Amino acid sequence: MAKPTIFWLGATGYVGSEALLILNDYLPRPHSHHIVALVRNVTPHRESALTRLYSDIEIVEGTADDVETIQKTSERADVVINTCDSLHPPSVKAILAGLTTRAEVNAGAPAPIYVHVSGVSIISDRCNGDFVEEPTEWTDNNLDVHAKCVGAYVKSGKRLSHIAEASMRSEHPICTFVLNPALIYGIGAGIQFTTFWVRDWIERSKAAGYSGTFGEGANALSHIHVHDVVTALLIVLRAALDGKVQGGKDSNYFVGVSGTEQRAWAKVIGDCLYNKGLIKEAGCRPWPEAVTGPKDSLWWWAYAGNQIVRPDRLYALGWEPTETKKQGPIDSLPEAMEIALQMK
């Protein structure tokens, strides 16, 4: 009998490659699933890097824009995991279409599973970096993205609602889950070692000549180590494979703890870059919109709002943020910056 297939988008990325590295620890049996990975710009080096992470892997060349490839590959998958671009409607639509066909052709079989990795900016309060004395702490228990999603991530929230609705329909349902990680940090052990926002902050700082903030930077964001994001993803996947969770209206899982001020990490980045002679000032101060972009843009939602979450659904599955407890984002930043700067 052929192995069940997992179609993976973003397998070479920061979260995806880390997940492949420990996937066998969470499957029903080691190597019990065949992986099909969507990879852009395939090279022998990238192929060998993926094979080192998980041996039973097949590579399909393409990007998130190759919707026909995504839909056709999803049609033959028992599970789709999307750690690629969370804000890319065409690829999500193609995945859902492919899995719907899969469910229709295999009527009577267990519903296919879709795990989508997004973010927590759907609950950003859009304070634009201003101080808020008692920011809202959000729990994912009874979270209804239809009702509670706020702000410009309303668009993202509607997309997440669309994913959830695929679980709740009466005909050809898909077992869907959305993980909503907070600010991800830490040194990855897969193919991509550093998180995007550190690399992004470095580039903005070098362009401006100093490390800055979006607004005053007084807002706080929950944070989570990349390894703990991966264990959350795989615990949800294992629970779905075991039939212990069903998705649908309960599809969203927050992944984050505590909170870190935006300007706290901006200062560390500024001091590090200044000590290396890469910028003209230590510390941080607010960037102009020429650096940040307009206040209604994606980045203000991602960086400049309070985003405090409590992952109660994950705790109920036995998950613990073990690596986050060992080292927070501020302590990990100098090493992450060293690695990010070496990659240039």
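Guide: Let us start with Asn128, which has its place in the loop between E5 and strand E6 (137–139). Please keep in mind that this is a predicted model.

Visitor: What makes the phi of Asn128 worth a remark?

Guide: Asn128 has a phi of about 55 degrees, a positive value, although the residue is not a glycine. His31 also has a positive phi, near 60 degrees, and is a residue other than glycine; His31 is found in the loop between H1 and E2.

Visitor: Why is His31 called partly exposed?

Guide: The relative accessible area of His31 is 30%. Buried would require a value under 20% and exposed a value over 50%, so His31, at 30%, counts as partly exposed.

Visitor: Is Phe214 buried or exposed, and how do you know?

Guide: Phe214 has a relative accessibility of 0%, and because the cut-off for buried is under 20%, Phe214 is counted as buried. Phe214 lies in the loop between strand E9 (211–213) and E10. Leaving aside neighbours within four places in sequence, Phe214 is in contact with a list of residues that includes Asn128, Gly129, Trp201, Trp287, Trp299, Trp300 and Tyr303.

Visitor: What is the C-alpha separation of Phe214 and Glu289, and what is it for Phe214 and Arg169?

Guide: Phe214 and Glu289 are 75 residues apart in sequence and 8.5 Å apart in space, C-alpha to C-alpha. Phe214 and Arg169, on the other hand, are 45 residues apart along the chain, and their C-alpha atoms are separated by 41 Å.

Visitor: How is Glu289 classed by accessibility, and why?

Guide: Glu289, which has its place in helix H10 (residues 289–292), has a relative accessibility of 42%. Not counting residues up to four places away in sequence, Glu289 touches Pro294 and Lys295.

Visitor: Which strands stand at the edges of the seven-stranded sheet, and why are they called edges?

Guide: The seven strands form an open sheet in the order E3-E2-E1-E4-E5-E7-E11, with parallel pairing. Strand E3 (57–61) and strand E11 (252–255) each have a single partner strand, so one side of each is left without a neighbour in the sheet, and that is what puts them at the edges. From one strand to the next, the twist averages 20 degrees.

Visitor: How do you know that E1 and E2 are paired?

Guide: Strand E1 (residues 5–9) and strand E2 (residues 34–39) run parallel and are joined by five bridges; because a pair needs at least two bridges, they qualify. Within this pairing, Ile6 stands opposite Ile35 in E2. Helix H4 (residues 89–105) packs on the sheet, where it touches E1, strand E4 (79–82) and strand E5 (113–117), and its direction makes about 170 degrees with that of E5.

Visitor: What makes H8 a mostly covered helix?

Guide: Of the 16 residues in H8, 13 are buried. H8 reaches 23 Å from its first C-alpha to its last, close to the expected 22 Å, and is followed by Gly243, whose phi is positive, near 75 degrees.

Visitor: How is the packing of H1 and H8 described?

Guide: Helix H1 (residues 14–22) and helix H8 (residues 226–241) pack at an angle of about 65 degrees, with their axes 9 Å apart, and H1 passes H8 in a right-handed crossing. Tyr14, Val15, Glu18, Ala19 and Ile22 in H1 meet residues of H8, among them Val226, His227 and Leu234.

Note on methods:
Residues are numbered from 1 along each chain as its sequence is written. This is a predicted model: local features need pLDDT of at least 70, side-chain atom pairs count only at pLDDT 80 or more; totals for chains, interfaces and linings use all residues. Side-chain values use heavy atoms; hydrogens and water are left out. Axes are lines fitted to C-alpha atoms, for helices over the stretch in contact, and angles run from 0 to 180 degrees between N-to-C directions. Helices (H or I, at least four residues) and strands (E, at least two) are DSSP runs, numbered from the N terminus. A crossing is left-handed if the near helix is turned anticlockwise from the far one by less than a right angle, and right-handed if clockwise. Contact means heavy atoms within 4.5 Å. The expected span of a helix is 1.5 Å times one less than its number of residues. Buried means under 20% relative accessible area, exposed over 50%, partly exposed in between (1.4 Å probe, protein chains only).
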